[in-house]
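Here is a short report for a first look. Please keep the sequence and the model in view.

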Amino acid sequence: MSSVAKRIDARAPIFDPRRDPSGLASITRILTCGSVDDGKSTLIGRLLWEIAELPEDQREHVREASRGRPFPDFSLLVDGLVDERAQGITIDVAWRYFDTRERRYVLIDSPGHETYTRNMASGASHADMALLLVDARKGVRQQTRRHAAILDLVGVRHVLVAVNKMDLVGWSEEVFAAIAKDIRDTLGTFAFESVEIIPLSALTGDNVVTAGETSLWYGGPTLVEAIARVETRLEEKRSADTSGSSGFRFPVQLVLRDGADFRGLAGTVRSGSVEVGDEVIDALSGAVARVSAISQMGGDLDVATTGSAVVLRLDRDLDIARGAVLSKPTDRPIVAGAATLRLIWLQTAPPGDAGYIVRTSTDATPVCRLAIRRRLDFASLVEANASTCGVNDLVTADITFVRPVALDPFAASAATGAVLLVDRLSGAVAAAGVVLAAHETATRPDLELTEALLREGLCSDLGTDETSRNELRRRSREVERLFARAGLHVRNTIA
Amino acid sequence: MTSVLTHLDVLEAESIHIFREAAAQFRKPVLLYSIGKDSTVLLHLARKAFWPARLPFSLFHVDTGWKFREMIAFRDAQVRHYGLDLIVQTNRSDAARHVDPFSSAPSVYTSVMKTDALKQGLDAHRFDAAFGGARRDEEASRAKERVFSVRGPGHTWDPRRQRPELWHLLDGTVGPQETVRIFPLSNWTERDIWRYIRREQLEIVPLYMAAPRPTYERDGKLFVADDDRLPEPYRSRVVTRSVRFRTLGCWPLTAAVESAAQDLDAVVAETLAARASERQGRMIDHDQSGAMERKKQEGYF
């Protein structure tokens, strides 16, 4: 046996071509966020140390450099931080990749400072879950609320809150309980599917992988257990998606031709699945055809599932171009002339009348009119009426398009419910947003939500003091959200 | 029947999506082809993205005149085999006559022979976008790179002016004199590249596999003498050793590693158990701190 083979055997192979011919089982993308001094590098480093297949020389480096300290300096594993600071680019999201035996992890590490909120939003939109750090000595801050609001907007549905540096508050159950309540109050404003709040210490490692003796009062999962729980939920969702329980969406990117015989529609299945023989419709033109083949270089498929990049061939020649979204005839996207969006404003210039292009999954259409309606106040997490906004603001806006585009509410289909607003003159991305409701034409709303209407029943228990008014606003937004999920357009007139 | 996508399937589909978006949005893109393993995967993914149609763009190779002969032979064979359009660009300016990989500082050599040649070619052909095989896992400044990376006039990269890039929405709208570098392999790691080469049974330059080769030592690293331009004192110190390369470039500047891995499986096994980062073998990256950052700002890939 060669020395190389021996070495690999001794380490227990992380890659065995016979067992693992085509790669790891899946990818988990985790956004990490929190303020600079919340101990993010140490926690990421600790996580790498505990679960990643790290080269032995990196472990040795940490051990060497940490000699004489009570705990190893795990932040050394988070490469290049000092360098980055010298280069002046800590402002941006850093992508890190590591493998465990079964899985690829992508850590999307976002900058802490509020000036760079837009970069945080950019990174968060790619994440399956977020790891939000809170310093046990400081508790929830404005930054925590801001991050939660952005996670909610871009569609992160699972949040793990690490209440870090518990060792510095003597592992006090009372301190943790108070912070946890604040966090629940803050995150409860949004529609997260799961929230796990974990008291831990990245430095000592308690509750990162294993529970320590220090927090016997805490009965919840460790950080790594909590990540695994979310992964299980995500996998269930993915397999439900793949088995066709959600609507088939195929945004057409290109029409590919090869001689006179081959004409195919190239794109990626964004949700659901499609089989040869299925009837599909282009909602924009109303044209219907059957799938005659699902092609890829190397061979045709019988079925294409969520995430597959394929070429669909149809049984008749339809005039379908880039921008079309194919679906099943019974469950099609909305052919929208207008939409209500939640936007994060990304450029320094406020909304103007120079003009924007709206980019959807594969379509791009000039914007007719953009009207900002409400702006989120990060301190109270309450939206107030507004007609303009600035960089990093979260707003609700009404938008009308020059010509109809195929859209879905974001809550129903993320890939066909997300848009960019591109500045027509500079080409810069002015805003990114999600569709709350898409309207077939620019008509009036399905429901005009007024204070009087709410006080008739849902809010008949509320008075007129400030606390009651805030609760009324909260309920009105909740009603709006529920209606939006059902595809109905609500005009919320409550300030 | 439902199929479960592995992580390589996910990465492949993402890269194909990127290629197709770019082809739809840009007027005249080009694929930067450097013959190495990443370029091999890049080309394969491009062919998949547009199959059965022909590639809707050319390949562009910056040839410094110091590439391994086996690389050039491999390049030409690939071009013939797949019926590709290839543009070869070499810097023939006055500056280029005064640099060579043995006497010039590696940073100067790279700047003149690679970065300048690249910019000359991109300008001459008026390409508005160029695909590259860079990966975010390669280096700290690349870890922050976008998939569609906008370059200002003169191909400069300003890390502070990077565009937001959300969800699957790639936007190729550019302002006057701006161009875009596109990185379809952004989310791949070195391990993925090797796994994928193995899975797809891709042909790669034989230099990646160990063989007895004429080697010499320089600055504590092993190099291979590829032709008779090797100067003294190295020339008389050439010794045959079994070596292979983890990355490929100009032969006087690309270090080899001693290895017995003679076939793809052995190379993959060795790579996946590797203890040192891949670019360690490249002199140009270690020339000065923040080297990649600086090169990128000048317009290097």
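## A hairpin in chain B

In which sense do strand β7 and strand β8 of chain B pair? They pair in the antiparallel sense, over 4 bridges. β7(B) covers residues 211-218 and β8(B) covers residues 221-224. Strands are DSSP runs of E of at least two residues, and helices are runs of H or I of at least four, numbered from the N terminus. Two strands pair if DSSP finds at least two bridges between them.

Tyr216(B) stands opposite Phe223(B) in β8(B). The two strands form a hairpin with 2 residues between them. In the turn, Asp219(B) has a positive phi of about 50°.

## Basis of the model

This is a predicted model, where local features need pLDDT of at least 70, side-chain atom pairs count only at pLDDT 80 or more, and totals for chains, interfaces and linings use all residues. Residues are numbered from 1 along each chain as its sequence is written, while chains are lettered from A and ligands numbered from 1 in the order in which they are written.

## Helix α6 of chain A

Helix α6(A) runs over residues 142-154.

12 of the 13 residues are buried, so α6(A) is largely enclosed by the rest of the structure. A buried residue has 20 or more other C-beta atoms within 10 Å of its own, with C-beta atoms placed from the backbone. Among the buried residues are Arg145(A), His147(A) and Leu151(A). Just after α6(A), Gly155(A) takes a positive phi of about 100°.

Methods. The expected span of a helix is 1.5 Å times one less than its number of residues.
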